[in-house]
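Please keep the sequence and the structure at hand while reading.

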Amino acid sequence: MEVIVSLLQQMCVYLVVAYLFSKTPLLKSLFAVQMRLPPRAVIYVVFTGFCILGTYFGLELMDAIVNTRAIGAVVGGLLGGPLVGFLIGLTGGLHRYTLGGFTDLACALSTTAEGLLGGLVHLWLQRRGRLDTIFNPWVAFLATMAGEFMQMGLLVLVARPFAQTWALVEVIAAPMILANSFGALLFMSMIRDQRDMFEKVSQASSTKALRIAERAVGITLEGLTPATAERIAKIVYEETGVGAVAITDRERILAFVGIGADHHVPGSPVTSDHSKKAITSGEVVFADGIEVPYSCSLSDKCRLGSSLVVPIRSDTEVIGTIKLYEPKKKLFLNINRTLGEGIASLLSNQILAGRFQQQKHLLVQSELKLIQAQVNPHFLFNALNTISAIIRKNPDEARDLLLHLSNFFRKNLKRASDMATLREEIEHVESYLRIQKARFGDNLQVEIDIDPALLDMPLPTFTLQPIVENAIKHGVSNLLGEGRITIRAGSNGAGIALVVEDNAGAYGETDAAAGGLGIAIVDKRIKNLHGQAYGVSIESRKDEWTRVRIGLPALAREEKAA
């Protein structure tokens with residue numbers, strides 16, 4: 001009975017520590033079941049700590065330690081995979097070995113084996129495409145129970161004297177198996193619940209962001225005017241549920257919707273110090289009304305108690321702000337802070353795109369407009385979210401990404417004719433890929449192998465980008481492992497071949513979606529230019545590769561000169 005009570009006490013203390021850990025930012029590293037360093041290193045450090053903690057919490061009994069060490073080893077292996085699990089178990093086992101006792105070697109071996117067991121379960125689920133099952137608490141329960149049975153077996157086989165070992169196992173087997181198994185179940189339940197909560201918040205944020213992006217697309221192409229500002233402000237107000245939304249240019253309020261509309265009158269000059277600071281510095285200004293005081297500059301009776309002011313840019317110039325307010329006695333949610341910054345970035349890029357569209361009268365042919373429409377607001381908002389996530393940690397990289405994003409949309413809108421060179425197409429795709437690589441990190445690898453003699457070859461505009469986007473959206477973005485995209489161009493006996501290949505091999509599963517309008521238009525335009533012998537063909541080997549080949553005649557190399 002004493003052993004059971006002691007293990008329950010250990011487990012309670014252990015789970016309190018685990019609960020406190022689940023509230024830290026480190027837990028977010030565990031939510032991605034497809035991981036590289038540094039998240040795997042975080043798992044190793046954290047769960048090695050839990051493993052050692054389980055030993056320290058242990059009860060000394062018969063020259064042995066009754067403990068909850070297995071929870072850290074098995075759960076760490078489940079989350080980190082075989083190598084991480086082995087290292088966690090090995091480190092925890094070596095720590096136990098240093099404490100001595102007649103079970104030291106057996107416990108060291110069993111802890112290492114338990115960590116490896118958790119990692120092998122991870123690998124088994126991964127190979128069967130059920131990796132998300134790792135977060136099922138009952139998987140942790142069964143894996144830990146199996147690990148504890150294995151530990152009892154190793155104690156009997158390795159620890160000596162045998163009689164003392166057998167007496168120990170008779171006392172501790174049932175309590176340790178049950179306590180560790182249920183402890184692992186509860187620990188994984190905490191991780192799963194926090195993960196589900198994180199995903200719900202992220203999903204809610206993404207849903208709001210996409211709705212705003214979809215409703216706002218095209219509104220500001222004419223520039224930042226009172227009419228466009230009012231429409232945007234109403235959309236943001238309806239979707240975010242904040243107390244009020246205002247949009248200003250550098251000198252006056254263009255639109256205001258929500259609490260305080262009686263005295264925040266469109267056309268009034270900008271008087272708020274927070275707004276002036278955001279316009280002057282180009283930085284986001286947040287006044288929560290607690291740490292940073294907020295008071296309305298127009299009325300002492302204003303019910304607004306906090307504000308977020310985000311600059312709106314056109315290229316490098318701040319041309320105005322979007323302001324989100326909350327009333328007094330209501331907290332300003334982080335989700336709305338993120339949305340406010342994303343919306344400002346969206347407006348900035350739309351205004352920039354609109355200026356180029358007005359100046360160059362881009363995309364005069366309907367097929368080009370359809371291809372441009374394939375670059376949907378989802379990509380834009382994903383790009384802006386990626387840049388927003390990077391901007392505080394690495395401003396230089398964020399600035400570089402903004403330049404690539406600007407370059408990408410500039411090239412989208414700048415095409416004055418329906419023909420471009422292969423060099424221009426590659427530059428367009430490189431800007432797109434640079435943004436995607438920032439989003440996917442090491443999980444997206446790109447190789448471009450182009451014969452330099454072909455760089456000045458003319459071809460229809462927007463030939464490569466829709467196909468590369470398709471390879472990412474319907475291919476490598478769905479992989480658990482590393483995604484690779486290869487772009488090749490070379491001459492063959494039949495003419496010129498441009499090839500875009502990915503390693504997903506998903507085309508056969510989603511033929512209709514994977515083909516897409518963009519690829520269909522590319523194929524149609526090439527056939528219209530050069531005949532039915534040329535155009536786009538697609539080959540795929542399931543789960544291995546998809547290869548999109550664009551066939552062009554050799555004479556295409558001379559057409560530009562002609």
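Tyr325 is buried, with a relative accessible area of 2%. The model in which this value was computed is a predicted one. Tyr325 forms an aromatic pair with Phe256; the pair is tilted, with 5.8 Å centre to centre and 50 degrees between the planes. Phe256 lies in strand E4 (residues 253-258) and Tyr325 in strand E7 (residues 317-327), so that the pair links parts of the chain that are 69 residues apart. Phe256 has a relative accessibility of 10% and therefore counts as buried, since the cut-off is under 20%.

**Strands around E7**

E7 is mostly covered, as 10 of its 11 residues are buried. Two strands that pair with E7 are described here. Strand E3 (residues 244-249) and E7 run in the antiparallel sense and share 6 bridges. Within this pairing, Asp249 has Gly320 of E7 as its bridge partner, and Ile247 stands opposite Ile322 in E7. E6 also pairs with E7 in the antiparallel sense, over 10 bridges. In that pairing, the bridge partner of Pro311 is Thr321 in E7.

E3 pairs with E4 as well, in the antiparallel sense and over 5 bridges. The two strands E3 and E4 form a hairpin with 3 residues between them.

How many residues of E3 are buried? The count is 6 of 6, so E3 is mostly covered. In a regular strand the side chains alternate between the two faces of the sheet. In E3 both faces are covered: Ala244, Ala246 and Thr248 are buried on one side, and Val245, Ile247 and Asp249 are buried on the other.

| Strands | Sense | Bridges | Example of residues facing each other |
|---|---|---|---|
| E3 and E7 | antiparallel | 6 bridges | Asp249 and Gly320 |
| E6 and E7 | antiparallel | 10 bridges | Pro311 and Thr321 |

**Enclosed space**

Rolling a probe the size of a water molecule over the atoms shows where empty space is left. The structure holds 4 cavities of 30 Å³ or more. Which residues lie closest to the centre of the largest cavity? They are His264, Ser272, Ser297, Lys323 and Tyr325, out of 15 residues that line this cavity. Tyr325 thus belongs both to this lining and to the tilted pair with Phe256. The largest cavity has a volume of about 120 Å³. Its lining comprises 8 nonpolar, 6 polar and 1 charged residues.

**The second largest pocket**

The second largest pocket has a volume of about 890 Å³. Its lining is made up of 28 residues, and those nearest its centre are Arg313, Ser345, Ile387, Ile391 and Leu402. By class, the lining has 12 nonpolar, 10 polar and 6 charged residues.

Four elements each supply at least two residues of this lining: strand E6 (304-314), helix H10 (334-360), helix H12 (377-391) and helix H13 (395-414). Which of them gives the most? H10 does, with 7 residues. E6 therefore takes part in two features described here, as a contributor to this pocket lining and as a strand paired with E7.

**Other aromatic contacts**

The structure holds 8 aromatic pairs. One of them is formed by Phe141 and Phe182, with 5.0 Å centre to centre and 65 degrees between the planes, an edge-to-face arrangement. This pair too links distant parts of the chain: Phe141 is in helix H6 (residues 137-158) and Phe182 in helix H7 (residues 162-216), 41 residues apart.

Are Phe141 and Phe182 buried or partly exposed? Phe141 has a relative accessible area of 9% and is therefore buried. Phe182 has a relative accessibility of 39%, so Phe182 counts as partly exposed.

Phe47, Phe50 and Phe187 form one aromatic cluster. A contact of another kind involves Trp545: the charged end of Arg547 sits over the ring of Trp545, 4.0 Å from the centre of that ring.

Notes: Residues numbered from 1 in each chain as written. Predicted model: local features only at pLDDT ≥ 70, side-chain atom pairs only at ≥ 80, totals over all residues. Heavy atoms only, no water. 1 Å grid on protein atoms, 1.4 Å probe; cavity = no way out; pocket = protein on both sides within 12 Å on 5 of 7 lines; lining within 4 Å. Points joined across faces, edges and corners; volume = space filled by probe spheres on them. Nonpolar A, V, L, I, M, F, W, Y, C, P; charged D, E, K, R; others polar. Phe/Tyr/Trp six-rings, centres within 6.5 Å; stacked < 30°, edge-to-face > 60°. Buried < 20%, exposed > 50% of the residue type's maximum accessible area, 1.4 Å probe, protein only. Lys NZ or Arg CZ within 6 Å of the ring centre and 35° of its normal. Pairing = 2+ DSSP bridges.
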